[in-house]
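Here is a short report on one protein model. It starts with a strand pair and then widens to the sheet and the chain.

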Amino acid sequence: MTLLSVSSLQAQMFNQKDVMIHNTLQEQQLKVAKSYYEKINSGNFDNDQYYDLFTEDVKLFYPKFGFAEGKAGIKRFGEQVRNLFKSLTFELDKFNFIVTDNTVVVEGVEKGEVYTGLTFPDNKVSYGKFCTVFEFEGNRIKRMYCYVDPDHAAEDERILALLKKHNQNGEVIDQNEIEAQTKKVVDEFYDIQSGRKQGSLVELFADTVDFDLPGNEQKFPWVGKRHTNKEVEDFFKVLFQNIRSEKFTVEYIAIQGEHAVAVGQLSSVILKYNKTFNTQFVNILKVRDGKIVKYHFMEDSYRLNEEMN
């Protein structure tokens, strides 16, 4: 009887030890799952510490983005996320975690701003709810499947294009192709503006655009922010009603991916004052899906205001 009691006690101790080890591993896995969202909140999801959360052969799924494998797939997904969102925040205090075996299921709430400037959720069409299933190998994520409606701001067609980045043949567009498309649109813009080519400047802009030309809006009606294609069309009408271009020279254009920066000089007669204004300028553009989605034009607006009296 004594031997049986000792044997039984030892079995109980081993079982308790297994449970403790199992519970400790689950705590680590839960910590890693939380860390994933914390790193996105802080913007630190493109470094070794972030990639170390995953196994080398990790599998990823995200609606309309599709499937990806390995840390290279995680990196590609992160790049597309940065293209899609200006800001993205997970409200961790509203998360519900379910932990079992080597799986952590997360039900949560997210909010943010997409690249067009629209915020979500609006709590009418979008509610910011999502669910993600993490499967672990030890304390690293081996499988991450996200279930969420990616139509964050009711722009499903645009968001699909951003997540896929595909051409007509269904092939993923590489960086060189993206830059070639950016160059084509930017070159066409300046060709039309200079009169070297016939066409419509307005048609080169997306329906929604981040457009800004800083200055004294009360004194110069063409300056200020615009947000829609129609407002861009009005800008060019008002601009050419109020100025006469004498010279507009683009000295060089730098392109990286979707982004372009043009540097040059201009000379314009401000008709109201019958004075010529000369300045250098920097034009910052962003091209997506063949359309200009960002246009920031910076000149010496302070000197323009001072000279036109």
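## A strand pair

In this predicted model, strands E13 (residues 275-288) and E14 (residues 291-298) pair over seven bridges. The sense is antiparallel. In general, the strands of a sheet pair through backbone hydrogen bonds, in a parallel or antiparallel sense.

## The sheet around it

E13 and E14 belong to an open sheet of six strands. The order is E10-E9-E14-E13-E12-E11, and the pairing is mixed. Which strands stand at the edges? They are strand E10 (224-228) and strand E11 (243-256). Each has a single partner strand, so one side of each is left without a neighbour in the sheet.

Neighbouring strands of this sheet are turned against each other by 15° on average, direction ignored.

## The helix on the sheet

Helix H6 (residues 229-242) packs on this sheet.

## The whole protein

The secondary structure comes to seven helices and 14 strands. The protein has 309 residues, and 41% of them are buried.

How much of the contact set links residues 24 or more positions apart? Such residues account for 53% of the contacts with a separation of 6 or more. The protein exposes about 17400 Å². Carbon and sulfur atoms supply 49% of that area.

Key. Residues are numbered from 1 along each chain as its sequence is written. This is a predicted model: local features need pLDDT of at least 70, side-chain atom pairs count only at pLDDT 80 or more; totals for chains, interfaces and linings use all residues. Side-chain values use heavy atoms; hydrogens and water are left out. Helices (H or I, at least four residues) and strands (E, at least two) are DSSP runs, numbered from the N terminus. Buried means under 20% relative accessible area, exposed over 50%, partly exposed in between (1.4 Å probe, protein chains only). Contact means heavy atoms within 4.5 Å. Accessible areas come from the Shrake-Rupley method with a 1.4 Å probe; for residues, only the protein chains shown count as cover. Two strands pair if DSSP finds at least two bridges between them. Axes are lines fitted to C-alpha atoms, for helices over the stretch in contact, and angles run from 0 to 180 degrees between N-to-C directions.
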